[in-house]
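Have the coordinates open as you read.

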Amino acid sequence: MENWQEISEDIVDSLLEDGSNPDTLYEVEHHFVSEEFEKLEQAALAAFKLGYDVEDPAELELEDGSKIWGFDVVVEAELDAAVIMEDVTKLVEIATHCGVEYDGWGTYFQE
C-alpha cells in the first residue's frame, strides 16, 4: 500500500503554501479504478452504504488507448491531512476488499 499519510500531508502542505484558504470546506474527490466493471460497482455500492456520495462510474481511456472504469467518492472536508486520512483509510479498505484500485484523492485551490 502506498504511503497515503505522507501523500496526503504533501498535498495539504502544497495547497496551504500556495495560499489556499485553510478555513473553508473543500470538495475532496477520492478516485477508484478497475478494469472490471462488476468489481468497481461493488466498491461503489460499499462506499454508498457507508454514507458516501458516490458519483456514477465512467469508462476512462488511458494514454495507451486501453480502457478502464472509474468513479469518485466526493466528501466535503477541512483541508487537514488527519481528517482526510479518516476517509482514505475507510476507502482503501473498501478498494482492497472489492479488488479495485484506490487511486488517491484530490481537491481544488480555494481563495
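Helices (H or I, at least four residues) and strands (E, at least two) are DSSP runs, numbered from the N terminus. α3 is followed by G99, whose phi is positive, near 75°.

A word on the basis: this is a predicted model, in which local features need pLDDT of at least 70, side-chain atom pairs count only at pLDDT 80 or more, and totals for chains, interfaces and linings use all residues. Residues are numbered from 1 along each chain as its sequence is written, and side-chain values use heavy atoms, with hydrogens and water left out.

**The helix itself.** α3 has 18 residues and spans 25 Å from first C-alpha to last, close to the 26 Å expected (1.5 Å times one less than the number of residues). At its start, a side-chain oxygen of D80 comes to within 2.8 Å of the backbone nitrogen of A82.

**Its buried side.** Buried means under 20% relative accessible area, exposed over 50% and partly exposed in between, with a 1.4 Å probe and protein chains only. The buried residues of α3 include I84, V88, L91 and I94. Together, the helix's buried residues pack against α1, β1, α2, β4 and β5. A contact here is a pair of heavy atoms within 4.5 Å. Leaving aside neighbours within four places in sequence, V88 is in contact with W4, S8, H30, Y102 and W105.

**The core.** A nonpolar core is a set of buried Ala, Val, Leu, Ile, Met, Phe, Trp, Tyr and Cys residues joined through side-chain atoms within 4.5 Å. The largest one has 28 residues, and F32, V73, V88, L91 and Y102 touch the most other members.

**The partner helix.** Which residues of α2 meet α3? K39, Q42, A43, A46 and A47 do, facing L91, I94 and C98 in α3.

**A buried aspartate.** D72 lies in strand β4. D72 counts as buried because its relative accessibility is 17%. The side chain of D72 makes a polar contact with the side chain of H31 at 2.7 Å (N or O atoms within 3.5 Å, one able to donate a hydrogen and the other to accept it, with sequence-adjacent residues counted only if both atoms are side-chain atoms).
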